[in-house]
Amino acid sequence: MKPTKRSHGYEFGGPVGVFFLMIALPAMVLGSALFCNSKSCSVREKPIIPPFWGFKGAFFDVGHLIVDGWIIFQAIIYMLPFGKVVQGRVLENGSALDYRINGFLALTLCVTGFAACLYFKVDVTLVYDCFIGITTATLCWSVVVAILVYAMACMQKTGLSPRGNTGNIIYDFFMGHQLNPRWGKFDFKLFFEIRAGLIGWVMINFCMAAKEHEKYGEVSTSMILVCVFQFLYVADCLFFESSFLSTMDIIEEGFGFMLAFGDISFVPVLFSLHARFLVDHPVKLSWITATVITSLFVIGYAIFRGSNSQKDRFRADPLSEEFRDAETILTSSGKRLLVSGWWGLVRHPNYLGDIIMGFAWTFPCGFSHAIPFFYPVHLVTVLVHRELRDERNNHFKYGKSWDEYCRRVPYRILPKIF
């Protein structure tokens, strides 16, 4: 079934807005690597402009080969016939896709490989030395993948995304013309959403820790906290990979420049900023401070994992013994909305946990520089915007049932405040 063209308005400012986003966002990613360097980490300082070509430290250096090899390596692991095959949620056109779940295996292989590199004294600090080249390589891959999936969508003309089927080329290219583009059994969205960027983020962190050890003779407590917290976050996502199939990104967002750029470039480059910052601007933490920060992360993770697990169990079997006495709202479509537990506290408790964790792994960078706080500020902005989009979509799907849910659960993310 071919979805009808979107008729309820543009997002992100329409074609003009997304055009400027496609310029501003890559500039932000590149700027993060240029302005936060060994000399300073401030937009008020003149950035160090590297050469165009070179072996390392240039816009086009061996970092491009590192990224090329990394994505190819991850694609090979992704296509291995290991891991269970699960069915995704039924889409708007009535179809449901099959997915092979082996992301945690990929992470395990990568961590083992990194340990082997350390044992055999492979120079993993090259990632730090070639970070500008790695950044430009991820930007190039983002553009190439976005063009490829758009061309595939135009040729296949099936499985189009309602959000990216407006008839405006610029807007549809950004939002994603096809919902779940596939090349045979290779699912572009799941691969780039889960593998290349997320695991790449963790591996960059580990390489930065190795660089810090090379530079100072030790790995600081700050670096350990950042690497451990972010590793646990990514490991959680991959361990519960099948749950990701029910997220908004998979079932509602098209795969275009927005997600391709976010997955391939934005996540690994900007999310690893904390570890890269600590290499050049070390921060000493007392054991009391480290304990408080760790406690904050544990609280955030408990909320994040507790609410997501409860949601997954409810979606799997809303009539189970666990939810027999739980307060729910029956919608006109026959689905139920949970109004108890974490989901009776606020409408998006998982977002709250996510935000708390984001601040927890930013605090080890101290307060002397503002740039490391880009991540939690960005996260709050993105999740608030996503929450507003969720509100519109859920009101459209559930009507008065959603209004009743909002009446019973008045706070969106933060109890008593928002």
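Predicted model: local features only at pLDDT ≥ 70, side-chain atom pairs only at ≥ 80, totals over all residues.
In which loop is the place of Cys-365?

**View 1. Cys-365 in its loop.** Cys-365 sits in the loop between α14 and α15. With a relative accessibility of 0%, Cys-365 counts as buried. Looking beyond its neighbours within four places in sequence, you can find Cys-365 in contact with His-274, Phe-277, Leu-278, Val-283 and Pro-372. For a sense of scale, compare Glu-252, which is 113 residues away from Cys-365 along the chain: the C-alpha atoms of these two residues are separated by 36 Å.

**View 2. Helices α14 and α15 side by side.** The axes of helix α14 (residues 349-360) and α15 come within 9 Å and cross at roughly 170°. Angles over 145 degrees count as roughly antiparallel, so that is how α14 and α15 are described. On the α14 side, the contact is made by Tyr-351, Asp-354, Ile-355, Gly-358 and Phe-359. From α15 come Tyr-375, Pro-376, Leu-379, Val-380, Leu-383, Arg-386, Glu-387 and Asp-390. Sorted by class, this contact has eight nonpolar, one polar and four charged residues.

View 3. Phe-297 lies in helix α13 (residues 287-316). Its relative accessibility is 4%, so Phe-297 counts as buried. Ala-360 is 63 residues away from Phe-297 along the chain, yet the C-alpha atoms of the two are separated by 5.2 Å. Not counting residues up to four places away in sequence, Phe-297 touches Phe-229, Leu-232, Met-357, Ala-360 and Trp-361.

**View 4. Helices α3 and α8 crossing.** The axes of helix α3 (residues 103-119) and helix α8 (residues 221-239) come within 7 Å and cross at roughly 140°. The pair α3 and α8 is therefore oblique. Helix α3 brings Gly-103, Phe-104, Leu-107 and Val-111 to the contact, while α8 brings Phe-231, Ala-235, Leu-238 and Phe-239. By class, the contact of α3 with α8 has seven nonpolar, one polar and no charged residues.

**View 5. The largest nonpolar core.** This core has 107 residues, and Phe-192 and Met-208 touch the most other members. Its largest share, 17 residues, comes from helix α7 (residues 188-216). Another core lies apart from it, made of twelve residues, including Leu-337, Leu-338, Trp-402 and Cys-406. Back at Phe-192, the contacts that leave aside neighbours within four places in sequence are Ile-71, Val-145, Gly-197, Phe-255, Asp-263 and Ile-264.

**View 6. Asn-205 in helix α7.** Staying with helix α7, we find Asn-205. This residue has 1% relative accessibility and so counts as buried. Its contacts, leaving aside neighbours within four places in sequence, are Cys-227, Gln-230, Ser-272 and Ala-275.

View 7. Side chains of opposite charge can pair when their charged atoms come close. The structure holds 23 salt bridges. One of them joins the side chains of Asp-249 and Arg-386, at 2.7 Å from N to O. The two residues belong to distant parts of the chain, 137 residues apart, with Asp-249 in helix α10 (residues 248-251) and Arg-386 in helix α15 (residues 374-398). Asp-249 counts as buried, at 10% relative accessibility, whereas Arg-386, at 22%, counts as partly exposed.

View 8. Arg-407 forms a salt bridge with Glu-404, and their closest N and O atoms are 2.6 Å apart. Because they are three residues apart in helix α16 (residues 400-408), Arg-407 and Glu-404 are separated by about one helical turn. Arg-407 is exposed, with a relative accessible area of 57%, and Glu-404 counts as partly exposed at 23% relative accessibility. In another salt bridge, the side chains of Arg-324 and Asp-325 meet at 4.0 Å, N to O. Both of these residues, Arg-324 and Asp-325, are exposed. Finally, look for the network of salt bridges that links Glu-11, Arg-163, Glu-252, Glu-253, Arg-389, Arg-392 and Lys-397.

Notes:
Residues numbered from 1 in each chain as written. Heavy atoms only, no water. Core = buried A, V, L, I, M, F, W, Y, C linked by side-chain atoms within 4.5 Å. Buried < 20%, exposed > 50% of the residue type's maximum accessible area, 1.4 Å probe, protein only. Helix = DSSP H or I, 4+ residues; strand = E, 2+ residues; numbered from the N terminus. Contact = heavy atoms within 4.5 Å. Axes fitted to C-alpha atoms, helices over the stretch in contact; angles between N-to-C directions. Parallel < 35°, antiparallel > 145°, perpendicular 65-115°, else oblique. Nonpolar A, V, L, I, M, F, W, Y, C, P; charged D, E, K, R; others polar.
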